[in-house]
Amino acid sequence: MTQTILITGASSGIGLQLAKDYANQGHKVIACGRDKQKLETALDDNRIDAVVFDIQDGASIESALSAYDSLDLVILNAGTCEYIDDAKKFDAQLFKRVIDTNVLGTGYCLSAVLPKLQRGSHLAIVSSTVTFLPLTRSEAYGASKAALDYLARTLAIDLAEFGIDVSLVRPGFVETPLTDKNTFKMPGRISVQRASEMIRQGLHKRKKIINFPFVFQAIMRLLALLPNAVWHRIAVRMN
Ligand SMILES: NC(=O)c1ccc[n+]([C@@H]2O[C@H](COP(=O)([O-])OP(=O)(O)OC[C@H]3O[C@@H](n4cnc5c(N)ncnc54)[C@H](OP(=O)(O)O)[C@@H]3O)[C@@H](O)[C@H]2O)c1
């Protein structure tokens, strides 16, 4: 069945791949980004609606999406990642940038899209496997994604009575511009095509939580079972 699917952060990486793959499957895709030219150049597909807004600007989201009354699937994927290089000189501006985009931006999107979701529709929020364990330099990114984990899981409870399913998506490392800039080792890093496939499969099954890739997330989950003091010693040594 053809669905109307809205995806944020569709100008690059995971969101762009999802937009292309869903369009190729024949769905009506509304691909969102904040830079019109970058978004349209990246999509290069006139079957896809390119919609421009900054997720930190609630009013512009409402107005950009006013033409759409009803959405079947919404994937809130837009996000950013910055690391705290020196915890002792805590960069509050960096912290604010990451929280504003990943947490508040998701909140503004929710406020605009939830009225457009009917019984039977589906919402997905993209978090990260970083939330399994405290990892070095991830104070800002990890805190923002931990907030999204909680947000998605509580929304799943509160939207159940409206017949709206909520999926929490936790990718491991994926080859995108966001991770291209990392200089550290990224175990189990997968292609963006594979990431899109795993997300689409999980969403098709209406899984409540979509963790991938399998081996990396399994290792992270096993490590998360360690007593905190043991993980703490390992993580300090990794730093
Ligand atoms: N890649 C990974 O390994 C990985 C792992 C776990 C989770 N994730 C999550 O997956 C999601 C997608 O990441 P990605 O790797 O595909 O990164 P990416 O290629 O950098 O894409 C991020 C997307 O978010 C958009 N965006 C950022 N801030 C925005 C704002 N204020 N308003 C509107 N759009 C904004 C970007 O738009 P611009 O092009 O205009 O910047 C871009 O389209 C993120 O939430 C990320 O945290 C990624």
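Between which two elements is the loop that holds Lys-116? Lys-116 is placed in the loop between helix 4 (92-113) and strand 5; helices (H or I, at least four residues) and strands (E, at least two) are DSSP runs, numbered from the N terminus.

## Basis of the model

This is a predicted model, in which local features need pLDDT of at least 70 and side-chain atom pairs count only at pLDDT 80 or more, while totals for chains, interfaces and linings use all residues. Residues are numbered from 1 along each chain as its sequence is written, and side-chain values use heavy atoms, with hydrogens and water left out.

## Lys-116 and its surroundings

Lys-116 is buried, with a relative accessible area of 13%. Here, buried means under 20% relative accessible area, exposed over 50%, and partly exposed in between (1.4 Å probe, protein chains only). Not counting residues up to four places away in sequence, Lys-116 touches Leu-65, Ser-66, Tyr-68, Asp-69, Ser-70 and Leu-71, contact being defined as heavy atoms within 4.5 Å.

Lys-116 and Phe-184 are 68 residues apart in sequence, and their C-alpha atoms are 41 Å apart in space.

## Helix 7 and its cover

Helix 7 (residues 192-204) has 13 residues and reaches 18 Å from its first C-alpha to its last, close to the 18 Å expected at 1.5 Å a residue. The expected span is 1.5 Å times one less than the number of residues. Buried residues of helix 7 are Val-192, Ala-195, Ser-196, Met-198, Ile-199, Arg-200, Gly-202 and Leu-203. The cover over these buried residues includes helix 1 (13-24), strand 4 (71-76), strand 5 (117-126), strand 6 (165-171) and strand 7 (209-212).

Just after helix 7, Arg-206 takes a positive phi of about 55°. Arg-206 is also one of the contacts of His-122, a residue of strand 5. His-122 is buried, with a relative accessible area of 3%.

## Nonpolar cores

In soluble globular proteins, nonpolar side chains tend to be buried together. A nonpolar core is defined as a set of buried Ala, Val, Leu, Ile, Met, Phe, Trp, Tyr and Cys residues joined through side-chain atoms within 4.5 Å. The largest such core has 29 residues, of which Ile-7, Tyr-22, Val-29, Ile-75, Leu-203 and Phe-212 touch the most other members. Two or more residues come from each of strand 1 (4-7), helix 1, strand 2 (28-33), helix 2 (36-43), strand 4, strand 5, helix 7 and strand 7. Helix 1 gives the most to this core, with 6 residues. A second, separate core of 28 residues includes Phe-53, Val-113, Leu-123 and Leu-159.

Val-29, named above among the members of the largest core, touches Ile-5, Ile-7, Ala-19, Tyr-22, Ala-23, Ile-48 and Asp-49, not counting residues up to four places away in sequence.

## Salt bridges

Side chains of opposite charge can pair when their charged atoms come close. The whole structure holds 11 salt bridges, each defined as a side-chain nitrogen of Lys or Arg within 4 Å of a carboxyl oxygen of Asp or Glu. One of them joins the side chains of Asp-21 and Arg-200 (3.3 Å, N to O). This pair links distant parts of the chain, with Asp-21 in helix 1 and Arg-200 in helix 7, 179 residues apart. Asp-21 is buried at a relative accessible area of 15%, and Arg-200 counts as buried at 16% relative accessibility.

Lys-28 forms a salt bridge with Asp-49, the closest N and O atoms being 3.1 Å apart. Lys-28 lies in strand 2 and Asp-49 in strand 3 (residues 49-52), so this pair ties together parts that are 21 residues apart in sequence. Lys-28 is partly exposed, with a relative accessible area of 34%, and Asp-49 is partly exposed at 24%. In the salt bridge between Arg-170 and Asp-149, the closest N and O atoms are 2.9 Å apart. Arg-170 is in strand 6 and Asp-149 in helix 5 (residues 139-158). Arg-170 counts as buried at 7% relative accessibility, and Asp-149 is buried, with a relative accessible area of 9%.
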